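Please look over the sequence and the model shown here, and then work through the questions that follow.

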Amino acid sequence: MKTRRFGRTGREVSEIGFGAWAIGGSWGDVGHEDAKATVHAALDAGVTFLDTADVYGDGRSERIIAEVLEERAGARPFVATKVGRRLDPHEADGYTAANLEAFVDRNLANLGTDRLDLVQLHCPPTEVYYRPEVFGALDDLKAKGKIADYGVSVEKVEEALKAIAFPGVVSVQIIYNIFRQRPADLFFREAKARDVAVIVRVPLASGLLTGKMTRETRFDPEDHRNFNRQGAAFDVGETFAGVPYEAALDAVEELRGLVPEGVPMAAFALRWILMDDAVSVVIPGARRPEQARANAAADDVAPIAEDTMAAVREIYERRIAPHVHQRW
Ligand SMILES: NC(=O)c1ccc[n+]([C@@H]2O[C@H](COP(=O)([O-])OP(=O)(O)OC[C@H]3O[C@@H](n4cnc5c(N)ncnc54)[C@H](OP(=O)(O)O)[C@@H]3O)[C@@H](O)[C@H]2O)c1
């Protein structure tokens, strides 16, 4: 597994990481043993970067990671977690020093550690980026030794650009995939210039870019691909990257012709993301060990030819951009 430098932290992390949302909740039922086996499979395959959050299964995802790490010898992977979404209502006023510290204390307890590698503000309201005191509170948590570093997870490119103006922000997590190409236009160049790490989430557009979905595919009532398709529970951009399902399926059919013989479409989609050197780590989610293994194996896929990259861009511009480009 190849590694990349995680921005100013100087730490090396596997370029393919593991997204631990689905093993926590919101993707239908994943049993405890399956969840643990999936994390073990990712780590066995050379993954050294895990992304989780305090709200994934209300802490279940973090606790599963802690259990798995307890069972393993050797170097601890880089574990990134998030705070903010436990606020109810989820408003900028809730991002106080006291609330942030209480959330971080719970992250520490769930993850069974005394210092977090990285805590990310979990898609806070845009107004938070206009409140330097929030970032000051994170500086204080760093000074206390509870967190090694902090970053943000954002919905919009504009929020990402605003966030990296704060000197303490070492990383930005953003949606970037074949169906969500805008971050590469400006934000990636700015992040690279400031040596800010970029964590790419939703790389498979919630599974669409594996090529396995059809008009007949049905999702569990407890799966956000059922209950959040119109954005009823959280930002609609987190489900299928915000692309209308049928339009996405048509684009996937056209993309199939560009995928080299013998390469799974999911691996192609992950390789496409890694073609940009502003990306520090891509974090595909997985619900089963074989998915985690297949995603890690994408690291072996050869770089994508220039004409293929151009053809992917053309499909995006024609079929997908009108639905998403100006929104996020
Ligand atoms: N606001 C935020 O900060 C935020 C929001 C969203 C996600 N994230 C992070 O980003 C991570 C990744 O995003 P995501 O999980 O939403 O979406 P994703 O990585 O695009 O899709 C993951 C889903 O695709 C399917 N899949 C994965 N690998 C596969 C393979 N090799 N073959 C076939 N199917 C496969 C699995 O679901 P099925 O098998 O059920 O199809 C899996 O749960 C999350 O786990 C989380 O850590 C953060």
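Q: At what distance from an oxygen atom of the ligand does a backbone N or O atom of W21 lie?
A: The model is a predicted one, in which local features need pLDDT of at least 70 and side-chain atom pairs count only at pLDDT 80 or more, while totals for chains, interfaces and linings use all residues. Residues are numbered from 1 along each chain as its sequence is written, and side-chain values use heavy atoms, with hydrogens and water left out. A polar contact is taken here as a pair of N or O atoms within 3.5 Å, and for W21 a backbone N or O atom lies from an oxygen atom of the ligand at 3.1 Å.

Q: Which residue places a polar side-chain atom 2.7 Å from an oxygen atom of the ligand?
A: The ligand is surrounded by 30 residues, each having a heavy atom within 4 Å of it. A20 has a backbone N or O atom 3.4 Å from a ligand oxygen atom. The closest residues include D51, K212, R225 and Q291, and the polar side-chain atom at 2.7 Å belongs to S153.

Q: Is helix 1 roughly parallel or roughly antiparallel to helix 10?
A: Helices are DSSP runs of H or I with at least four residues, numbered from the N terminus, and axes are lines fitted to C-alpha atoms over the stretch in contact, with angles from 0 to 180 degrees between N-to-C directions. Helix 1 (residues 32-44) and helix 10 (residues 289-297) have axes 8 Å apart, at an angle of about 20°. Angles under 35 degrees count as roughly parallel and those over 145 as roughly antiparallel, so helix 1 is, relative to helix 10, roughly parallel.

Q: How many charged residues are in the contact of helix 1 with helix 10?
A: With contact meaning heavy atoms within 4.5 Å, D34, A37, T38, A41 and A42 of helix 1 meet P289, A292 and R293 of helix 10. Asp, Glu, Lys and Arg count as charged, Ala, Val, Leu, Ile, Met, Phe, Trp, Tyr, Cys and Pro as nonpolar, and the others, Gly among them, as polar. By class there are 5 nonpolar residues and 1 polar residue, and the number of charged residues is 2.

Conventions
Helix = DSSP H or I, 4+ residues; strand = E, 2+ residues; numbered from the N terminus. Parallel < 35°, antiparallel > 145°, perpendicular 65-115°, else oblique. Polar contact = N/O pair within 3.5 Å; in protein donor to acceptor, adjacent residues only side chain to side chain.
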